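Here are some notes for a colleague who has not seen this structure before. Please read them with the model open.

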Amino acid sequence: SSNQMWGGRFASGPAAIMEEINASIGFDKKLYAQDIRGSLAHAEMLAKQGIISAEDLKQITEGLNSIRAEIENGKFEFSRKLEDIHMNVEARLADQIGLAAKRLHTARSRNDQVALDFRLWVKEELVKVDAALTALISVFLARAEEHADTVMPGFTHLQTAQPVTFGHHCMAYVEMFGRDRSRVRDCIERMDESPIGAAALAGTPYPIDRHMTAKALGFREPTRNSIDTVSDRDFALEFLSLASICATHLSRLAEEIVIWSTPQFNFVRLSDSFSTGSSIMPQKKNPDAAELVRAKTGRINGSLIALLTVMKGLPLAYSKDMQEDKEQVFDAAESLELSLAAMAGMIGDMTINTASMRKAAGSGFSTATDLADWLVRELGLPFRDAHHVTGAAVAAAEKKGVDLAGLTLDELKAIHPEINDGVYAVLTVDASVASRKSYGGTAPDQVRFQIAEWKKRV
Ligand code: ARG
């Protein structure tokens, strides 16, 4: 049978395989609410401009509202023959109200319609991601406040570097997720333009009011170029880019949790609600949620690359290739939301083993830099010489099997004769972190200052 939307030109219907490759209803039904909202605003505008009658508007409005209810009550029958959400809704409207339904598509095309629906969806999703990021940031702020004085080793190359506080480490993630949140807000700001009224690609001869629809749909303004409007998927690419960057942060965090929760590190203990056991090894407590967050980053990155690749060769304006945008964004959005929520739960719940952290903070000659700084400050050595003397002290301590504070004053004097017992005060981890008072440094007071600043921002 010929198509009810464009049957005029066609003598027969599509091959089964054509229908299968062409249809998007399987996934774009997710856009039903945005599609109906967009159609309501469009119809409202058409009536106000005298393009359709008030009676048509009334029927269209009632019809669309009842279709939304049918979909939400699971009573709507989606049909693959009708390709996508736009035509499924419109065909159902025609069943219900006849002629008026056929006037709804005046001065519009599925090209601007899908651009509108998808933008509305992505914009709503960005608001959800913003909230999820804020929730995660709040969890980190609470943990940072609790542990502003908890010393732990800071690492570079995953080798013990200098003592830091767990609060400071938490605040590093607050900064990362804070930047992610600002990318979300930038993205909303940039995409806040209404596509509807661009029509197929060239605009329309009807006297439409795009400012009216833009306002009704909550956009700042209408887009300015009809060709760009139906060709543009930057907003989706930006969503996927910020999702990938955020997922990268989540993945690094996940990796740290995996490492920290090993018996070898034993820095944190995951709660029972955020870990799993082994079906064979009774002793195991596995960080599966962290591992899955780490893995979902792969999916999200994959979605970004997939859509970039779809878009890269497309001539202006719309091509059907662009139908492939939605599944990537839906999948990435679902993974990102799940990961953010899982991380907030895990971080909020986990026990911090302050004793293990403290023990590890003091091992691995973590205060060697403090010794070098003491030699500079107290004995006036140039930093490079102080570095050399400290290196000799580390070698001596390693040979003796002790940490730096375990060397006697005589042993230290043998390395540099002017060293006095004042040096022992800087070799403790607490003295080390307290000394790093530079702006943004790990000293507990600095960390507390940053926590207070961030609390004003959440
Ligand atoms: N399902 C289509 C999509 O997702 C809607 C737009 C179709 N436009 C067209 N000219 N065939 O892109």
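Which side chain has an N or O atom 3.5 Å from a nitrogen atom of the ligand?

1. That side chain belongs to Arg110, at 3.5 Å from a ligand nitrogen atom. The protein buries 87% of the 340 Å² that the ligand exposes when taken alone (Shrake-Rupley method, 1.4 Å probe).

2. A word on the basis. This is a predicted model, where local features need pLDDT of at least 70, side-chain atom pairs count only at pLDDT 80 or more, and totals for chains, interfaces and linings use all residues. Residues are numbered from 1 along each chain as its sequence is written, and side-chain values use heavy atoms, with hydrogens and water left out.

3. A polar atom of Asp84 lies 3.0 Å from one. For Ser24, the distance is 3.2 Å.

4. The ligand is surrounded by residues including Asp28, His86, Asn111, Tyr318 and Lys326 (a heavy atom within 4 Å). The shell divides into 2 nonpolar, 4 polar and 4 charged residues. Here Asp, Glu, Lys and Arg count as charged, Ala, Val, Leu, Ile, Met, Phe, Trp, Tyr, Cys and Pro as nonpolar, and the others, Gly among them, as polar.

5. Helix α7 (residues 110-146) gives the most to this shell, with 3 residues. Helices are DSSP runs of H or I, at least four residues, numbered from the N terminus. Ser109 caps the N-terminal end of α7, with a side-chain oxygen 2.8 Å from the backbone nitrogen of Asn111.

6. Why is α7 largely enclosed by the rest of the structure? Because 26 of its 37 residues are buried (under 20% relative accessible area, 1.4 Å probe, protein chains only).

Note on methods: Polar contact = N/O pair within 3.5 Å; in protein donor to acceptor, adjacent residues only side chain to side chain. Helix = DSSP H or I, 4+ residues; strand = E, 2+ residues; numbered from the N terminus. Buried < 20%, exposed > 50% of the residue type's maximum accessible area, 1.4 Å probe, protein only.
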